[in-house]
Amino acid sequence: LCAIGLMWIARGAYIPAKAQLAQILLERAFDQRVASGRPVKPWGWADTMPVARIGLARLGVREVILSGGSGQAMAFGPTKLATGGVSNVTMLAAHRDTHFAFIKQTEVGDIITLDSVAGRRVTYRVTGKQIVRWDQFAPSRSYARPILGLVTCYPFGTTRHGPLRIVLWAQAVS
């Protein structure tokens with residue numbers, strides 16, 4: 001009975017532990033890419049690479065963003081999504097129980113920074129949150145100023161897959 005209990009505990013700790021270890025390797029790859037200017041894989045068999053780093057100082061958030069929006073890449077960190085040609089919009093997605101768990105504590109007015117591997121920093125101010133259905137949502141227009149959207153499953157605190165997503169919106173600060 002104890003062995004079964006330990007197995008369930010280990011199983012529950014596996015995903016968060018994998019996410020933590022991945023971020024250490026991703027941080028290293030991000031820093032190497034910034035220094036060298038060349039793409040660096042975080043581990044030998046990786047099919048994704050760091051493209052940016054997001055930070056929210058008030059909550060102690062610092063996460064490396066990966067290229068491609070696949071579910072496989074999201075197991076290791078937030079990913080950059082395609083926006084279908086909509087200009088000045090950056091969409092990022094991550095799991096609600098690991099890398100984007102902080103969204104539930106984010107408030108309007110919070111400052112988010114996004115550093116690219118090219119060394120460019122854009123600073124955003126959170127403007128609000130929106131609950132949407134996954135199949136009825138996409139950025140619908142282009143914007144004059146850069147917009148950042150962070151997307152994760154909703155509601156928080158559940159493991160069931162459902163149709164709802166929460167989008168945190170932020171606008172670039174001049």
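Is arginine 62 buried, partly exposed or exposed? At 49% relative accessibility, arginine 62 counts as partly exposed. The cut-off explains the label: exposed means over 50%, buried means under 20%, and partly exposed lies in between. This structure is a predicted model.

- Side chains of opposite charge can pair when their charged atoms come close.
- The structure holds six salt bridges.
- One of them joins glutamate 27 to arginine 53, with the closest N and O atoms 2.5 Å apart.
- Glutamate 27 sits in helix 1 and arginine 53 in strand 1, so this pair ties together parts that are 26 residues apart in sequence.
- Glutamate 27 has 15% relative accessibility, so it counts as buried.
- Arginine 53 has 11% relative accessibility, so it counts as buried too.
- Glutamate 27 also forms a salt bridge with arginine 62, where the closest N and O atoms are 3.2 Å apart.
- That pair links distant parts of the chain: arginine 62 is in strand 2 (residues 61-66), glutamate 27 is in helix 1, and they are 35 residues apart.

**Another salt bridge, and a network**

- Arginine 121 and aspartate 115 meet through their side chains in a salt bridge, at 2.6 Å from N to O.
- Arginine 121 counts as exposed, at 52% relative accessibility.
- Aspartate 115 counts as buried, at 15% relative accessibility.

**The largest pocket**

- Its volume is about 470 Å³.
- The lining has 20 residues, and Met74, His95, Arg96, Cys153 and His161 lie nearest the centre.
- Helix 1, helix 2 (71-74) and strand 7 (147-153) each supply at least two lining residues.
- Strand 7 gives the largest share, three residues.
- By class, the lining has eight nonpolar, eight polar and four charged residues.

**The second largest pocket**

- This pocket has a volume of about 260 Å³.
- Its lining has 13 residues, of which Lys80, Thr90, Leu114, Ser116 and Arg120 lie nearest the centre.
- Strand 1 (50-56), strand 4 (89-93), strand 5 (111-116) and strand 6 (121-133) each supply at least two lining residues.
- The lining divides into eight nonpolar, three polar and two charged residues.

**A nonpolar surface patch**

- Ile4, Met7 and Trp8 form a nonpolar patch on the surface.
- Together they have about 350 Å² of accessible area.
- Tryptophan 8 lies in helix 1 (residues 2-36).

Notes: Residues numbered from 1 in each chain as written. Predicted model: local features only at pLDDT ≥ 70, side-chain atom pairs only at ≥ 80, totals over all residues. Heavy atoms only, no water. Patch = residues over 30% accessible without salt bridge, like charges linked within 9 Å, V, L, I, M, F, W, Y side chains within 5 Å. Areas by Shrake-Rupley, 256 points an atom, 1.4 Å probe, with all protein chains shown as cover. Salt bridge = Lys/Arg side-chain N within 4 Å of Asp/Glu carboxyl O. Helix = DSSP H or I, 4+ residues; strand = E, 2+ residues; numbered from the N terminus. 1 Å grid on protein atoms, 1.4 Å probe; cavity = no way out; pocket = protein on both sides within 12 Å on 5 of 7 lines; lining within 4 Å. Points joined across faces, edges and corners; volume = space filled by probe spheres on them. Nonpolar A, V, L, I, M, F, W, Y, C, P; charged D, E, K, R; others polar. Buried < 20%, exposed > 50% of the residue type's maximum accessible area, 1.4 Å probe, protein only.
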